[in-house]
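Colleague: Could you walk me through this model? I am new to it, so please keep to plain sentences.

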Amino acid sequence: MPELPEVETVVQTLKAQLGHATFTHVDVLWDNIIAQDLEEFKTRIQNQTIQNYGRKGKYLLFELDDYMLIAHLRMEGKFYIQMPEEPINKHIHVIFHLKDGRELRYHDTRKFGRMSIRPKRQDLNYEELANTGPDALDENVTSLELYHKWHQKRIRLKHMLLDQRFLAGIGNIYADEICFSCQLHPATLVTHLSKKDFENICFHTRRILKGAVQAGGTTIRSYTSSLGVHGRFQLELKVHQRVHQPCICCQTPIKKIQLEGRGTYFCPMCQKRK
DNA sequence: ATACTCCCCTGAGAGC
DNA sequence: TGCTCTCAGGGGAGTA
């Protein structure tokens, strides 16, 4: 599923392939993808040119002349740039028509993704982003700030990592990888974490996500209009999806448990509960 | 304020 | 082979 690095790859790829494209109109084939009044969405997109591309956490931000097109891919959302004559896959739910004749098509097998168009504003205070904290790659946020804000909460480490108000962009896969790199049990209570632990969490979060962005970036050339734009995570996962396989550090079989309703992988030897 | 539960969806995999 | 059942999962909404 797309997490921060995949979304970043999508942003960069669309920027390279679409540039300052202009929308003529949009066809919506599945209404629930649109998180606002459908007619309002359709009206606002007309004749808008993309001025800039951005991202906050897992949200894609297309800055238009007067509006911001905000999209979340959730589990399986993808954007394709295709020509009108290309067949429309059954999982295509939104078709943006471009002035240059191409189409930006939104593909989403499970229909979990959402998008909306809001009047543009400088402060990024869009309702969609209300629960989105600082971007995980925003270096201006210090571990000490995060420590003061979070260490007294009665939640587990995995919960904090998945909470987009902590650092936006971390999903289930990277949360497990971060816990592993920090040698912390995902069920550790946040109140038991030290300032040093928060330092490690920030360091490894950024290290892992940046590495994944790089990996996504390296495959950017392979994207074509028919291939789809969805980002690829090619880094080797150290614990996630590796149940029963030996830990790369100590050979202990990786365990899988349910935590916060999420499948959670960890090494019972390397990651001790504090 | 915080903590659950439900919901949105489909494809994959299990069981028969 | 083919049917039915179960489940994953980000995040918002609703409820306790």
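**Loops, hairpins and DNA**

Colleague: Where does Asn-47 lie?

Modeller: Asn-47 belongs to the loop that runs between helix 2 (38-45) and strand 2. Helices (H or I, at least four residues) and strands (E, at least two) are DSSP runs, numbered from the N terminus. This is a predicted model, in which local features need pLDDT of at least 70 and side-chain atom pairs count only at pLDDT 80 or more, while totals for chains, interfaces and linings use all residues. Residues are numbered from 1 along each chain as its sequence is written, with chains lettered from A and ligands numbered from 1 in the order in which they are written.

Colleague: What is the phi of Asn-47?

Modeller: Asn-47 is not a glycine, yet its phi is positive, near 60 degrees. Most residues other than glycine have a negative phi.

Colleague: And why does Asn-47 count as partly exposed?

Modeller: Because 13 other C-beta atoms lie within 10 Å of Asn-47, it is classed as partly exposed. A residue is buried with 20 or more other C-beta atoms within 10 Å of its own, exposed with 12 or fewer, and partly exposed in between, with C-beta atoms placed from the backbone.

Colleague: What about Gln-251, then: positive or negative phi?

Modeller: Positive: Gln-251 has a phi of about 70 degrees, although it is not a glycine. Gln-251 sits in the loop between helix 6 (195-218) and strand 9 (255-259). It has 10 C-beta neighbours inside 10 Å and therefore counts as exposed.

Colleague: Which residues does Pro-253 contact, leaving aside its neighbours within four places in sequence?

Modeller: With those neighbours left aside, Pro-253 is in contact with His-244, Gln-245 and Pro-246. Contact here means C-beta atoms, placed from the backbone, within 7 Å. Pro-253 also lies in the loop between helix 6 and strand 9, and it is partly exposed, with 14 other C-beta atoms within 10 Å. Pro-253 and Phe-266 are 13 residues apart in sequence, and their C-alpha atoms are 9.1 Å apart in space.

Colleague: Phe-266 again. Which residue stands opposite it?

Modeller: That is Lys-255; Phe-266 is in strand 10. Strand 9 and strand 10 (residues 262-266) run antiparallel and are joined by five bridges. Two strands pair if DSSP finds at least two bridges between them. The hairpin of strand 9 and strand 10 has two residues between the strands, and Glu-260 takes a positive phi near 55 degrees there.

Colleague: Changing topic: which residues are around DNA strand B?

Modeller: Around DNA strand B are Asn-32, Thr-109, Arg-110, Lys-111, Phe-112, Arg-154 and Ile-155. A residue is near a strand if its C-beta atom, placed from the backbone, lies within 6 Å of it.

Colleague: And which residues come nearest to DNA strand C?

Modeller: Lys-58, Asn-131, Gly-171, Asn-172 and Gly-263 come nearest, of 15 residues around DNA strand C. The surface near DNA strand C has three nonpolar, seven polar and five charged residues.

Colleague: Last topic: what does chain A look like overall, in domains?

Modeller: The domain assignment, which is automatic or from a database, gives chain A domain 1 (4-129) and domain 2 (143-266). The C-alpha centres of domain 1 and domain 2 lie 27 Å apart. Chain A has six helices and 10 strands, and its C-alpha trace spans about 55 × 35 × 30 Å along its principal axes. Of the 274 residues in chain A, 41% are buried.

Conventions. Ala, Val, Leu, Ile, Met, Phe, Trp, Tyr, Cys and Pro count as nonpolar, Asp, Glu, Lys and Arg as charged, and the others, Gly among them, as polar. Two residues are in contact if their C-beta atoms, placed from the backbone, lie within 7 Å.
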